[in-house]
Amino acid sequence: MASSSPRWQTGQQVDPGTVLTQVGTVDSQLSGNWARHRFRFQYLLRTEQEETEMSCYVGRLTIVDAVGLISLGVRPVMPNDVVRYSQANALLNLGFSVRHTPDRIEEHVSITSAGDWDPSVGELFDGCFVEYVKGA
Amino acid sequence: MGDHLRIEQGSLPWRPGPGADLVEVLHRYTHPLIGVIEQSGHQFLFWCVVGETFDASIWIYARLEAGDLERLQRTKTAQTLADTLRKVSAGRGRDAVFASEDSGIMLATSLDDGMTFGDDPLSAVHALKRQLETTETKLNALRDTEPAPV
């Protein structure tokens, strides 16, 4: 969480080697002999909901830490909480802007696209995340 | 209007009704999660209690007193924001809504026992469930009064 002397300035590009964490949810079902886990992460911006940037957090955060940030520490991890990881370099190489936008959450990062965030851009964004971790 | 917002179905949770302007975003994750809106000269705090990253979510609204917004704006860390949110919302969360990604606010209800930021959201979930059951009962009653097809 934020300290008195911020580590990053607003608008500063995230170092390419930085790991990023995105928070999402998972639907889990036991069916027959199989456990099915359907991950759900936002990959398109909802312009009708005035979304202009995708949020992530700096660092390889555990689910407990990520849920702590997104809920300001007021709710426990739930079974459908999930995180996934990318490296800033993967996004930067595809032309995304990855910038520190710290506020009360110092780890907050904003990802934007130079053009419209259309489905093809969303697919590129989604493909940058290679590791998924399920919660409790 | 008192402690309650005027809420309109289909609205975004951070613009929940006619003339409700988003005044301050205090916490966000791609979209606002906690903030302050103004409607008819009154300020209301809103916060998401369930579904921050899901396509269905539950939100609470609490009327703010004079000076509360400034108190919230002065916070510099997540911890001081959370502490101040608890203070300014204490027992004042009087409206709860259920919203979906596709339809915006779908269901709204009043909370008999005012919620405070950080409270277990289960009471809001139960209140919304009761509201849904009441709506369903009314719809069934309406259906029963329809003339039979010729």
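View 1. Val25(B) has Gly35(B), in strand 2 of chain B, as its bridge partner. This is a predicted model, where local features need pLDDT of at least 70, side-chain atom pairs count only at pLDDT 80 or more, and totals for chains, interfaces and linings use all residues. Residues are numbered from 1 along each chain as its sequence is written, with chains lettered from A and ligands numbered from 1 in the order in which they are written. Strand 1 of chain B and strand 2 (residues 31-39) of chain B run antiparallel, joined by seven bridges. Two strands pair if DSSP finds at least two bridges between them; strands (E, at least two residues) and helices (H or I, at least four) are DSSP runs, numbered from the N terminus. One residue sits between the two strands of this hairpin, and Thr30(B) takes a positive phi near 70° there.

**View 2. The sheet of chain B.** Six strands make an open sheet in the order 1-2-3-4-5-6, with antiparallel pairing. Strand 1 (21-29) and strand 6 (104-115) of chain B are at the edges with a single partner strand each, so one side of each has no neighbour in the sheet. From one strand to the next, the twist averages 25°; axes here are lines fitted to C-alpha atoms, for helices over the stretch in contact, and angles run from 0 to 180 degrees between N-to-C directions. Strands of a sheet pair through backbone hydrogen bonds, either parallel or antiparallel.

**View 3. Strands 5 and 6 of chain B, with helix 3 packed on the sheet.** Strand 5 (residues 93-100) of chain B is tied to strand 6 of chain B by seven bridges, and the two run antiparallel. Here Asp95(B) stands opposite Ser110(B), which belongs to strand 6 of chain B. Helix 3 (residues 122-145) of chain B packs on the sheet and touches strand 3 (42-50), strand 4 (56-63), strand 5 and strand 6 of chain B. Its direction makes about 120° with that of strand 6 of chain B. Contact means C-beta atoms, placed from the backbone, within 7 Å.

**View 4. Helix 3 of chain B by itself.** At 1.5 Å a residue, its 24 residues should span 34 Å, and the end C-alpha atoms are 35 Å apart, which agrees. The expected span is 1.5 Å times one less than the number of residues. Helix 3 of chain B is hardly covered, with two buried residues among its 24. Buried means 20 or more other C-beta atoms within 10 Å of a residue's own, exposed 12 or fewer, and partly exposed in between, with C-beta atoms placed from the backbone.

**View 5. Where chain A meets chain B.** In this interface, 17 residues of chain A are in contact with 18 residues of chain B. Strand 1 (19-31) and strand 3 (54-58) of chain A each supply at least two residues of chain A's side, and strand 1 of chain A gives the most, with three. That side divides into eight nonpolar, seven polar and two charged residues. The predictor gives the complex an ipTM of 0.92 and a pTM of 0.91.

**View 6. Thr25(A) and its surroundings.** Thr25(A) is found in strand 1 of chain A and counts as buried because it has 21 C-beta neighbours inside 10 Å. Not counting residues up to four places away in sequence, Thr25(A) touches Arg40(A), Asn80(A), Asp81(A), Val82(A), Thr53(B) and Phe54(B).

Terms used
Contact = placed C-beta atoms within 7 Å. Nonpolar A, V, L, I, M, F, W, Y, C, P; charged D, E, K, R; others polar.
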